[in-house]
Amino acid sequence: ANEYREQCFVTLFSLYSEFFHFMASRFEAILVKVLSKNNALADKFDRNIFYATAIGKDKSIQELEHFKYFDKLYCIWNFIKHNSASTYKTLNDRYPEIIYSKEPYEQGELALYYIKFSEQLINEIIDGCIEFFKEYCSLVFNENYQEAQWNYTTYFTSIVRDEIENIINPLGLQWWDDLD
C-alpha cells in the first residue's frame with residue numbers, strides 16, 4: 001500500500017512538473033515571438049533583455065502589479081530545470097510558501113519533490129501572468145487591452161468578407177452543394 005502511494009506521488013509530481021515546464025516554455029516562446037515582431041530582440045533572449053524593454057518608461061517591469069506571478073513562474077521553472085542550490089535558495093527566499101518544509105535541499109536532488117504543486121498554484125500563476133502581460137504591453141507598447149480586442153485589421157476585414165459573402169452567396173451554399 002505504501003509503495004502504491006509512493007508511485008502515485010511520483011507520478012502526480014512528475015506530471016505537474018512536466019506540465020509546469022511546458023507552460024513556462026510556452027510563455028517564454030510567446031514572449032520571444034512578441035519581442036521579435038516588435039524589433040525588441042536580436043538573436044539572444046534572457047530576462048535582462050526583457051526587463052530592458054521598459055527602460056525610459058514610467059516604471060520598471062518589476063514594479064508592475066502582477067509581476068510577482070511572472071517571477072514566481074520563472075523561479076519555479078528554473079528550480080525544476082536546474083535542480084541547484086542557488087535556484088532553490090531564490091525560490092525559497094521569494095516564495096517560501098510553495099516549498100515543502102523538508103530537510104535542507106541538497107544540490108542535485110529532484111526539485112519537483114520540494115514544490116507544493118497544485119491545480120490552484122498553476123491557475124494562480126496562469127491568471128496572474130495573463131494580467132502581467134496585459135500590464136507589460138500597456139507599459140512597453142502603449143497597448144490598450146480592451147481596444148486591442150477589436151481594433152486590428154483582421155477584425156475589420158473579416159466583417160467585410162462576411163458581408164461580401166452574404167451578398168454573393170445569400171443562402172450560404174458551399175461549392176460542393178452544386179455537385180448533385
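**Whole chain.** Start with the protein chain in cartoon view. It has seven helices and zero strands. Walk from the N terminus, and the order of elements reads α-α-α-α-α-α-α. Keep in mind that this is a predicted model.

Now turn the C-alpha trace around. Along its principal axes it spans about 70 × 55 × 30 Å. The radius of gyration of the protein chain is 23 Å, while a compact globule of 180 residues would have one near 16 Å. The protein chain exposes about 12200 Å², and carbon and sulfur atoms supply 52% of that. Of the 180 residues, 32% count as buried. Contacts come next. Take those between residues at least 6 apart in sequence: 63% of them join residues at least 24 apart.

**Stop 1: K72.** Select K72 in helix 3, which covers residues 67–82. Is K72 buried or exposed? It counts as buried because its relative accessible area is 8%, and the cut-off for buried is under 20%.

Show what surrounds K72. Setting aside neighbours within four places in sequence, K72 is in contact with Y95, E97, I98, L121, E124 and I125.

Select E97 first. The side chains of K72 and E97 meet in a salt bridge, 3.8 Å from N to O. This pair links distant parts of the chain, 25 residues apart: K72 sits in helix 3, and E97 in the loop between helix 4 (85–94) and helix 5 (119–141). E97 is partly exposed, with a relative accessible area of 46%.

Keep K72, E97 and E124 on screen together: they are linked in a network of salt bridges. Side chains of opposite charge can pair when their charged atoms come close.

Stop 2: How many salt bridges does the structure hold? The count is six.

Go to K44 and D46. Their side chains form a salt bridge, with 3.4 Å from N to O. K44 is exposed, at 55% relative accessibility. D46 is partly exposed, at 24%.

Move on to helix 5 and select E131 and K134. Both lie in this helix, three residues apart, about one turn. They form a salt bridge, and the closest N and O atoms are 3.2 Å apart. E131 is partly exposed, with a relative accessible area of 30%. K134 is partly exposed too, with 24%.

**Stop 3: a nonpolar patch.** Return to the surface view. Which residues form a nonpolar patch there? Select W150, Y152, Y155, F156 and I159. Together they have about 470 Å² of accessible area.

Pick out W150. It is found in the loop between helix 6 (145–148) and helix 7 (153–168). W150 counts as partly exposed, at 39% relative accessibility.

**Stop 4: past helix 7.** Follow the chain on to N169, in the segment after helix 7. N169 is buried, with a relative accessible area of 15%. What lies 2.4 Å from a polar atom of the side chain of N169? It is the backbone oxygen of L173.

Notes
Residues are numbered from 1 along each chain as its sequence is written. This is a predicted model: local features need pLDDT of at least 70, side-chain atom pairs count only at pLDDT 80 or more; totals for chains, interfaces and linings use all residues. Side-chain values use heavy atoms; hydrogens and water are left out. Patches are made of residues with over 30% relative accessible area and no salt bridge: like charges are joined within 9 Å, nonpolar side chains (Val, Leu, Ile, Met, Phe, Trp, Tyr) within 5 Å. Accessible areas come from the Shrake-Rupley method with a 1.4 Å probe; for residues, only the protein chains shown count as cover. A salt bridge is a side-chain nitrogen of Lys or Arg within 4 Å of a carboxyl oxygen of Asp or Glu. Helices (H or I, at least four residues) and strands (E, at least two) are DSSP runs, numbered from the N terminus. Buried means under 20% relative accessible area, exposed over 50%, partly exposed in between (1.4 Å probe, protein chains only). A polar contact is a pair of N or O atoms within 3.5 Å; within protein, one must be able to donate a hydrogen and the other to accept it, and residues adjacent in sequence count only if both atoms are side-chain atoms. Contact means heavy atoms within 4.5 Å. The radius of gyration is taken over C-alpha atoms; the globule rule is 2.2 Å times the number of residues to the power 0.38.
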